[in-house]
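The following exercises concern a predicted model.

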Amino acid sequence: HMSTENTDKDEKSVPWPKAGDILFQSGDDWWHNACVNHGGHPWELYAAGYKDAADILAERVFETQRHADFLIYPIAFLYRHYLELRLKEIIVAGQALLDQTPDFKHVHQLERLWRSCRKILEEVWPGSPAGDLDAVEDCIRQFSKVDPQSMSFRYPATKDGKATLPNLEHINIRNLHEVLARISSLLEGASTGISVYLDDKCSMERDYSG
């Protein structure tokens, strides 16, 4: 039989569900309260959040040299979702900047999103080096091949029971982290540039209409 002493210890050390638990609420420790739905640029916040979360997990693996075998799944998923969100953000902002009719579709295919994104980047910066865009495109194609619908790093099997990552044995997290850092440098720069141009355009339109 379990002793009373051990029972008390377990009750104090092991988290356990409590009646009345509430998941989403504010607290008196205001520095832990995340602000949501307070305006700003939601696409930017979502993209930045997923990218930072992936980086933090990857850096945890680098520091501890542990848990790579199971942290790879959230790390890769978070990086992929960051790419999807950032491409969508650039498309939305770029179409507004270029006075294009919004044709944004909520698709998950990275290659389709990249094609729309690249057209915008080439129109906003017609002199951009094609090699830089080709390098990003190649990596996006690789990610899309491994995870075409943002499911491969979320579930171990498809709906019909097939393995979602059948042709992979090893993924070097350091390399993944470094390649994503290079891709994000271009995408973040493009996003920032379009945002600045769009703010300038809106200011000029307000001045003109006023």
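**Exercise 1.** Determine where Trp16 lies, and decide whether Trp16 is buried or exposed.

*Solution.* Step 1: Trp16 belongs to the loop that runs between α1 (4-13) and α2 (42-64). Step 2: the relative accessible area of Trp16 is 70%. Step 3: exposed means over 50%, and Trp16 is therefore exposed. Step 4: as a further reading of position, Trp16 and Asp29 are 13 residues apart along the chain, and their C-alpha atoms are separated by 22 Å.

**Exercise 2.** Locate Ser152, classify Ser152 as buried or exposed, and list the residues that Ser152 touches.

*Solution.* Step 1: Ser152 is placed in the loop between α5 (130-146) and α6 (173-209). Step 2: the relative accessibility of Ser152 is 8%. Since buried means under 20%, Ser152 counts as buried. Step 3: leaving aside residues up to four places away in sequence, Ser152 touches Val146, Asp147, Thr164 and Leu165. Step 4: the side chain of Ser152 also reaches the backbone oxygen of Val146, at 3.0 Å. Step 5: between Ser152 and Pro42, 110 residues apart in sequence, the C-alpha to C-alpha separation is 26 Å.

**Exercise 3.** Describe how helix α3 and helix α4 cross, and state which kinds of residue form their contact.

*Solution.* Step 1: the axes of α3 (residues 68-97) and α4 (residues 110-124) come within 9 Å and cross at roughly 40°. Step 2: an angle under 35 degrees would count as roughly parallel, and 65 to 115 as roughly perpendicular; α3 and α4 are therefore oblique to each other. Step 3: the crossing in which α3 passes α4 is left-handed. Step 4: on the α3 side, the residues in contact include Leu83, Leu87, Ile90 and Ile91, while those of α4 include Leu113, Trp114, Cys117 and Ile120. Step 5: the residues of this contact between α3 and α4 divide into 12 nonpolar, 3 polar and 3 charged.

Note on methods
Residues are numbered from 1 along each chain as its sequence is written. This is a predicted model: local features need pLDDT of at least 70, side-chain atom pairs count only at pLDDT 80 or more; totals for chains, interfaces and linings use all residues. Side-chain values use heavy atoms; hydrogens and water are left out. Helices (H or I, at least four residues) and strands (E, at least two) are DSSP runs, numbered from the N terminus. Buried means under 20% relative accessible area, exposed over 50%, partly exposed in between (1.4 Å probe, protein chains only). A polar contact is a pair of N or O atoms within 3.5 Å; within protein, one must be able to donate a hydrogen and the other to accept it, and residues adjacent in sequence count only if both atoms are side-chain atoms. Contact means heavy atoms within 4.5 Å. Axes are lines fitted to C-alpha atoms, for helices over the stretch in contact, and angles run from 0 to 180 degrees between N-to-C directions. Angles under 35 degrees count as roughly parallel, over 145 as roughly antiparallel, 65 to 115 as roughly perpendicular and the rest as oblique. A crossing is left-handed if the near helix is turned anticlockwise from the far one by less than a right angle, and right-handed if clockwise. Ala, Val, Leu, Ile, Met, Phe, Trp, Tyr, Cys and Pro count as nonpolar, Asp, Glu, Lys and Arg as charged, and the others, Gly among them, as polar.
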